[in-house]
Amino acid sequence: MPELPEVETVMRTLRGALDGQVIARIVLNRADLRWPVPADLPKLARGRRILSFRRRGKYILMRLDGGTSVLLHLGMSGRIHVERRGTNSARKHEHVVIETKDGIRAGLVDPRRFGAVLSMRTEEEDAHPLLAGLGVEPLGPDFGAARLAGCLAGRRSPIKTVLLDQKLIAGLGNIYVCEALFRAGIHPEIQAHTLSPSGIARLAEAIPAVLEEAIAAGGSTLRDYVRPDGEKGGFQELHRVYGREGEPCPDCPGPPACGGVRRIVQSGRSSFFCPLRQRSAS
DNA sequence: CCCGCAGCCTGCGGGC
DNA sequence: TGCCCGCAGGCTGCGG
């Protein structure tokens, strides 16, 4: 479910609500997520102050005093609810809850249990197996046409699947890849290594642009995702192709010259595109 | 190394 | 109304 903009929205909310607070306790209702939640996490975290939050790709890292970091991943169906203790009702699939001494409560709800909660030494964050292999941050200073060109060089797979590879670019998922390719006018099935320099340049602009717009809108809400304050994101209204099979392409005037947005399946996942606007790598 | 696919889970919406 | 099927925003591990 959550891609970079949704994870960024969640991270910012956690930061605003929890930064600087002291953990009263962590409740482990269910430990069998994507990987087992460390059994000693409640003990490690109890009484610790939360020092900072950051995002890396689709992962959230929470640093505690005493040198422990907690890694959160929302998988496909994960949400985090932040609220004052006592105002919450019982929730199904709430596997992990963090409570602070100031009475804030953050609960991880994840029906499909593809998400993760792990702990590590803070100084070993970047060496953690889940983070060590991640590619460039698409909103970071290192990302640009040159870097993107390096990611695509020699790749014979479709551009769509290459952009989903977290080892190359960290944080893109199905929605934002579709939206970025639309904005750049690039067909999702084109082999990555055949993109022209101008196509790469347009894509290198479209990727951060669509991510920034989505973050500004609070992310996309389709089925599972809600912001930690319970509000829906707003970016789904601004999707131009994702989930819009058959609808008129927003860039093709009049009775749709393109025949409407098309859906195809690539590597088992839906791709949405406008066959007229996204014709080549030009 | 590169690539595609099955599998991990649960829930929801559509078609019959 | 109820059942079955396909589908879902991620990621790993396997095979070719």
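In this predicted model, β3 and β4 make a hairpin with three residues between the strands. Gly66 sits in the turn and has a positive phi of about 90°. β4 covers residues 68–73 and runs antiparallel to β3, with five bridges joining the two. Met62 has Val70 as its bridge partner in β4.

β3 also pairs with β2 (residues 50–56), again in the antiparallel sense, over six bridges. These two strands form a hairpin with two residues between them. Gly57 takes a positive phi near 60° in that hairpin. Arg56 has Tyr59 as its bridge partner in β3.

The two pairings, side by side:

| Strand pair | Sense | Bridges |
|---|---|---|
| β2 and β3 | antiparallel | six bridges |
| β3 and β4 | antiparallel | five bridges |

Now the core. The largest nonpolar core holds 68 residues. Leu14, Ile60, Val117, Tyr176, Cys178 and Leu181 touch the most other members. Helix α6 (residues 174–184) gives the largest share, eight residues. Where does this core lie relative to domain 1 and domain 2? Domain 1 (4–132) and domain 2 (145–273) both give residues to the core, so it lies between them.

Cys178 has contacts beyond its sequence neighbours. Leaving out residues up to four places away in sequence, Cys178 touches Val241, Tyr242, Ser271, Phe272 and Phe273.

Note on methods
Residues are numbered from 1 along each chain as its sequence is written. Chains are lettered from A and ligands numbered from 1 in the order in which they are written. This is a predicted model: local features need pLDDT of at least 70, side-chain atom pairs count only at pLDDT 80 or more; totals for chains, interfaces and linings use all residues. A nonpolar core is a set of buried Ala, Val, Leu, Ile, Met, Phe, Trp, Tyr and Cys residues joined through C-beta atoms within 7 Å. A residue is buried if 20 or more other C-beta atoms lie within 10 Å of its own, exposed if 12 or fewer, and partly exposed in between; C-beta atoms are placed from the backbone. Helices (H or I, at least four residues) and strands (E, at least two) are DSSP runs, numbered from the N terminus. Domain bounds come from an automatic or database domain assignment. Two residues are in contact if their C-beta atoms, placed from the backbone, lie within 7 Å. Two strands pair if DSSP finds at least two bridges between them.
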